[in-house]
Structure formats: C-alpha cells, structure tokens
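Q: I'd like to go through a structure with you. Can we start with the charged pairs and then move on to the surface?

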Amino acid sequence: MNINSVILDELRKEFGETFYLLDSAQFKKNYIELKKQFSEIYPHFNIAYSYKTNYVPKLCKIVNDFGGYAEVVSEMEVELALRVGVSPEQIIWNGPIKNTEYLEKMLLKGTTINIDSIEECYLIKDLAEKYPDNMLNVGIRCNFDVQDGVISRFGLDIEGDDFKKVFEIIEKTPNLKLINLQCHFAKRQVDYWPARAKRMIELIEKLGIIPQRIDLGGGLYGNMAESLKEQFNTKIPEYKDYANAVAPIFAEKFKDAEYCPELLIEPGSALVGDCMRFASTVKTIKTVREKTFVSVLGSQKNISMSGVNPPMTVYSLKDDQQDVNKADIVGFTCIESDVLYKNYTGKIARGDMVVFENCGSYSLVMKPPFILPNFPVLDISEGKTEVIKRAETFEDIFRTYNM
C-alpha cells in the first residue's frame, strides 16, 4: 500500500481527521506465504485464522475463500463466521467459556468444539445423550510443559485425571467424535515450537489414535519493520523458521502412514500485524518544562502497542513544520500513559498526519469506547477506496443505555 501526503489529505477531507488503513492485499500475501512454507514440507496443512486478533469481516472472508478455518472463541465470533459465509464444519471453537445455547446449536451443525474443562465435557456429554442420532464433533485442548516458564490456564493437563476422564467419556459416547487435538502457548519464540509438535505426537502414540486434525495453536511473530524488530530482546523468526521447526517432525512421523492428520496452526498477529496502519492528525504541539508533547487525534489504544515505538512516519500537510527534539507523541485521552511514540526527533507541524504501522493486531478489536468512539477503517490497497467500517457515533455507543 503506497501512501503520500496528497492521498492522506484527500482521505482526510472525505473521512475525517483520523482513520485506519487496511491492507487486504498484504493479508492475502501473508496467508499464501505462511501456508506455502508449511505445505512444502508437510502438504496436509491448513490455517485456522484467529478471529479475536482482528475480526474485520473482509479478512475473515479472505480466509474462507482460501479454504482456511475460522478459529473463534465466542458466540459473537461464531455468528460473524456464519454471516461471512463460513460453513459450520470450517469453524473451530476454542475458549474457556462458551455460550450454552450457541454450543448446542453449533454442535448440531457440525462445528468442532475444543473442550477446555471437565465441566464443559459433561455439558457436551448431556447434549450427546439428548441428540443420540447426531454425531457431534469435539476436540480437546491439551496443556503440557514446553519449557517456556508459563503455566497456562487453558486446556486440560494431559497428565491429569480430568484429561483422562474427558478422553474416556468421548471414547464411550457413541455419537461423540474426536476430531481434533489442540494446544496453544502464548510465547512466540520459535524455540518452543518443536516441543509442541513432539508432545502432541507423543500424546497420540500414548492414546493409540490419529485424530483428523492436530492443531498446534498460534503464537507466531509476523512481518515487521527493522526499526520494530530492533526493540525486541530476541531474534524475530520468519514464517519459514516456524515451518522448519515443526513440519519436518510431522513429515517424518507420517511419511509411510496410510492416513496423515491435517496439521493446523492458528495465527493471528503473524498474518494481520503488518496489514493495518493508523493515520492521525496532529492537533497541538507544546513544551512543558523543556519536554515537548505532540498531541494527535488518536490514542495508544488505537495501536495496541506499549513499551515499544511502532514504525511511524510524519506526512507534511503544512508548510510551517518545526523541529522537535525527543518529543512524545501523545493521545487525546486524559491519561498520562497515553503515549503512542516516545522521543521523536524531527520535523512536524499542527495539521500534519502521523501514520503508525504494524497496527493490525489487537488494536481495532480492543479499542474501548473511551472518551471517543472509534474511527473508520479504509482499504485502499487494491486500487480503490473501500470503506470497511464507518466511523462510530454517539448513537452506536449509547443505544444500549437507558436514558
């Protein structure tokens, strides 16, 4: 997506002083490249896109068009998947708490429900008994140690009694079908990925089964500018590094097998992180006790980054730029910590536009209606301007309140 001051000025005149710029073309490119890296080593591979990371419907449709799965964690996301045309069989429902009515509805439609607790298993067992003529697809979210220093609260400890009980219930219930074994770990370093693959293979060997799918979850770094990479205390892997870490393990395990399970991963940030920018207008520039603050019509919540400076460019729309030294670019909220970029040195003016990159992950979906409603989302990546989401209004925020 190529942008410049002229394009930004035209967009600002039509859509307001602040907006997101979606790059759907980059999202497609990322999806194709990630799938290619894994499939070249283990062909029976697919992607389950993490809706919670960025549930812009256009992105969800792209995943569906490419034959990927919808990985959802709420009834809201289930409904979104259905409305953008995803078949229930292509929906994988994770998460620790699931709406009971939707759970029943989607089980009957063929969605795979990954069991996260013994309580959830008992609920599904009751539904299986209620509908003895319906085959219900389930998975188990598996929890084990990958030496990342974190005890995850999600899933069932594969060495624990609850896991054994859940597996036993599935085995003994004729109309429960174990489709999927899934795991997920939050740390994104590639070092922890081989442990995921090896432990999942050890598990199926121990259980004496080969499920339809083995799902290694998400937690991958995506593409990012060098200026952002330099701020991490670890080497940022590429897609091929994750593929090389786990796909050969599956290729070796199933090289002579009559049946190969589908290998899944659940990327979110790795696909969408670099597919959205946040463009905001400079409103004030002031110096307080020798510290300069540049305020923009936007918030740290709009970019969902803290502790790092995002890749950022100032676009001049005025002729009166001034030099600033180690200025903090701050948001419109009344919170001291609302800083989008620390210690900017360069030229800037009131009325300029500041564009922050790598804003696709957990930004739009986690922006609260705090002080101001959210801004529009525009896709200009394929030769035309498409309004993906209009600006939110007072009515959008307050329609659920009783005045």
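This is a predicted model: local features need pLDDT of at least 70, side-chain atom pairs count only at pLDDT 80 or more; totals for chains, interfaces and linings use all residues.

Q: Fine. How many salt bridges does the structure hold?
A: The structure holds 28 salt bridges.

Q: What does D379 form a salt bridge with?
A: D379 pairs with K58, and the closest N and O atoms are 2.9 Å apart.

Q: What about D396, which residue does its side chain meet in a salt bridge?
A: R399, at 3.6 Å from N to O. D396 is partly exposed at 24% relative accessible area, whereas R399 counts as exposed at 57%.

Q: Next, K240 and E238. How far apart are they, N to O?
A: Their side chains meet in a salt bridge at 3.9 Å. K240 is partly exposed, with 41% relative accessibility, and E238 is partly exposed too, with 43%.

Q: Switching to patches. Which residues gather in the patch of negative charge on the surface?
A: That patch consists of E119, D157, D161 and D162. D162 sits in helix α7 (residues 161–172) and counts as partly exposed, with a relative accessibility of 39%.

Q: Which residues form the nonpolar patch?
A: F394, F398, Y401 and M403 form a nonpolar patch on the surface, and together they have about 500 Å² of accessible area. F398 belongs to helix α13 (residues 394–398) and is partly exposed at 33%.

Q: Where does P369 lie?
A: In the loop between β16 (353–356) and β17 (377–379). P369 is exposed, with 54% relative accessibility. The C-alpha atoms of P369 and D396 are separated by 9.7 Å, and the two residues are 27 residues apart along the chain.

Q: Now T292. What joins its side chain to that of T287?
A: A polar contact of 3.2 Å. T292 is found in strand β12 (residues 291–296) and is buried at 11% relative accessible area.

Q: Last one: is A81 buried or exposed?
A: A81 is buried, with a relative accessible area of 0%. This residue lies in helix α4 (residues 75–83), and 9.6 Å separates its C-alpha atom from that of Y69.

Definitions and conventions: Residues are numbered from 1 along each chain as its sequence is written. Side-chain values use heavy atoms; hydrogens and water are left out. Patches are made of residues with over 30% relative accessible area and no salt bridge: like charges are joined within 9 Å, nonpolar side chains (Val, Leu, Ile, Met, Phe, Trp, Tyr) within 5 Å. Accessible areas come from the Shrake-Rupley method with a 1.4 Å probe; for residues, only the protein chains shown count as cover. A salt bridge is a side-chain nitrogen of Lys or Arg within 4 Å of a carboxyl oxygen of Asp or Glu. Lys and Arg count as positive and Asp and Glu as negative; His and the chain ends are not counted. The place of a charge is taken as NZ of Lys, CZ of Arg, CG of Asp or CD of Glu. Helices (H or I, at least four residues) and strands (E, at least two) are DSSP runs, numbered from the N terminus. Buried means under 20% relative accessible area, exposed over 50%, partly exposed in between (1.4 Å probe, protein chains only). A polar contact is a pair of N or O atoms within 3.5 Å; within protein, one must be able to donate a hydrogen and the other to accept it, and residues adjacent in sequence count only if both atoms are side-chain atoms.
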